[in-house]
Amino acid sequence: MFQSCNPRHPALLALVVLALLLVDSHQPASAQSEVDPLLPSGLQTLQLHVPSLQVVNEEELLRVTVQVQGAQGPTRIFVDGLPPGARWDEPSRTLTFRPDFIQGGASHTVTFTASDSQATAQARMALTVNDTLRPPDPRIVQREAQPSGERLTLEQPTDAWLDSPGYAGRTFTAVVTVPSAASAAYRMPVRVRLHGVGNWPPSPQQATDHFIIEPSDPNLTYWWGYSERLPHASVLEGAVPPYTARRVLALLEWVLRTWPGADPERVFVEGDSMGGAGSLTLGLLYARHFAGVHATHAQTVARAHRPWRLAQLSGLWGMPEEEVPDADGLGVWSRLDLTRALRDEPEARSQFLLLEHGKDDPVIHFGAVVTRSPLTGASFYETLQQQRLGHMAVWDEGGHTEVDPWLGKRWWDRGWNPRTDPHTFLRRDLAFPAFSHSSWDGDPGSGGNGGKPWSDDSGYAGDPKVPGDTGWDGDVAGMLNRSLRWDAHRLVDSHGRFVLPLRSVHGPGVTDSPVVDVTPRRVQRFRCLPGERIRWSFGGTRGTVTAASDGSVTVPRLRLGEEWTPLVLERERERG
């Protein structure tokens, strides 16, 4: 029935969803809760009151508070089926959701489950997002047949949402590569590839098992945006909306809508240099749309760019000290300090990052990850550990384009990729473990070793062709979390229990095992209250931990052996 209705007709879609919801659940429009048929009638006192239907426009905030009556003692309320980006705050029993502009035209059935010491009650809510922002679709201008699919060259026209009013109506070029084997029954991942400076147009890519989306950023906005007053007035007179990021997201939405074989749960964003910064920015600030990020030579703190790049970006954003606001009112240079994003934005902390940097890179120097942000007081590497973000990071003595003179190209890789690994893989709708403070981590250092003078352009970089001459301290080459794995196939993520097997990969001659902290991220059902006590077991060890203020749970100091060992989390029983 849904297939026959127009997804861009929000009123019709909302009515259809409400009708089906009422038929399926046998609930009246007031959304009174269903009671547990296994309990005696005298105990059927718990009632859950949830609005049956909620409708929200794109880029507007929805807030829904749930009421419970007749509870016997402490009561938990779990929520399933939340749309990407929605948040459930159990202490206040409030759901908040601000859909962005590519989430319109969709409906979600959200299920609320309340449990006390005597009974369980359940209620459903239909949540519909009106498609109120409709930027123009791209146009296919060229088709090229490939052995495994088709390469499409596109023109992407802009309007006043994808471009400043003074520029609206121009077009940007993009390339999409479509695998012929993808179908609704056999979905494939999507790779969004963001180019660096001077790396457009892209070379043709073969894509047998995934889609490739390649947008363009000819104005070198670092995949973010520019003043809404350009080109007719000063950048200081208005806001700096993320026009370029919006174009990328609009292109992604078009691909997902046009090809049913493109899997929205396995969208990955990647890039090098400017593209690396862009992939981190989109992957963290729009984490709801991406399963993972692969960033190479990425600047993580915008105001830490070298002087020439600061001057160029200031023509688009205003000077760092001027802090021209973005579309949401935060200064754009602070918005693009990604240590701030990880500190302040829960959605960003759900992401998984794969990072590569070079100590002799004179363009995006190694300070991008080890120099402390003047805004947050922490470096990007430090913030990954402090905020317990899922990540794998590598560095060596390579340059911006040159490989490490000793270790060579991708010495750390050996075929492992969380996008394709049969056990350790990522999906937007699947939990994974964030590893932190591993005893196997290398030492990236934090400054100079005395061998090179500081340069505002290149930091302490040496000659990338000369082994051992870097001016950065710490290990010349190293890794964070490179050899730690999880088995996503055996994940259990329920309201009462969380189970995920873990292991480490030992190289030749390695006899010890790493000790590491583990924080489940992107949890779908085993959500915890701040301060909640959680029992854990891992092989022969066990203990109890307390959930953090954001509800996350960290089990410290686990020793990961070579064999798969399940990490088990369970709730402590309520007393009284």
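Trainee: How many salt bridges does a search of the whole structure find?
Mentor: The search finds 36. A salt bridge here is a side-chain nitrogen of Lys or Arg within 4 Å of a carboxyl oxygen of Asp or Glu. Bear in mind that this is a predicted model, where local features need pLDDT of at least 70 and side-chain atom pairs count only at pLDDT 80 or more, while totals for chains, interfaces and linings use all residues. Residues are numbered from 1 along each chain as its sequence is written, and side-chain values use heavy atoms, with hydrogens and water left out.

Trainee: OK, what does R497 pair with?
Mentor: R497 meets E570 in a salt bridge, at 3.0 Å from N to O. R497 sits in strand β24 (residues 497-504) and E570 in strand β29 (residues 565-571), so this pair ties together parts that are 73 residues apart in sequence. Helices (H or I, at least four residues) and strands (E, at least two) are DSSP runs, numbered from the N terminus.

Trainee: And how exposed is R497?
Mentor: R497 is partly exposed, at 36% relative accessibility, and E570 is partly exposed too, at 24%. For the cut-offs, buried means under 20% relative accessible area, exposed means over 50%, and partly exposed is in between (1.4 Å probe, protein chains only).

Trainee: What about D131, buried or exposed?
Mentor: Buried, with 8% relative accessibility. D131 has a salt bridge with R134, and their closest N and O atoms are 3.8 Å apart. R134 is partly exposed at 47%.

Trainee: Which residue does R490 bridge to?
Mentor: To D487, with 3.7 Å between the closest N and O atoms. D487 is buried, at 3% relative accessible area, whereas R490 is partly exposed at 41%.

Trainee: Switching to the backbone, where is the cis bond that involves P201?
Mentor: The peptide bond from W200 to P201 is cis, with omega near 5°. P201 lies in the loop between β14 (188-194) and β15 (211-214). There's also a cis peptide bond between L230 and P231, with omega about 5°, and P231 is in the loop between β15 and α2 (243-258).

Trainee: What's the phi of R410?
Mentor: It's near 45°, a positive value in a residue other than glycine. R410 lies in the loop between β19 (390-396) and β20 (432-436), and is partly exposed at 36%. R557 has a positive phi as well, about 55°, although it is not a glycine. R557 is in strand β28 (residues 555-559) and counts as exposed at 59%.

Trainee: Now the overall picture: how many helices and strands does the chain have?
Mentor: There are 8 helices and 29 strands. Of the 576 residues, 55% count as buried.

Trainee: What radius of gyration does the chain have?
Mentor: It has 25 Å, which agrees with the value near 25 Å for a compact globule of 576 residues. The radius is taken over C-alpha atoms, and the globule rule is 2.2 Å times the number of residues to the power 0.38. The C-alpha atoms fill a box of roughly 80 × 60 × 50 Å along the principal axes.

Trainee: What share of the contacts joins residues at least 24 apart?
Mentor: It's 69% of the contacts between residues at least 6 apart in sequence, with contact meaning heavy atoms within 4.5 Å.
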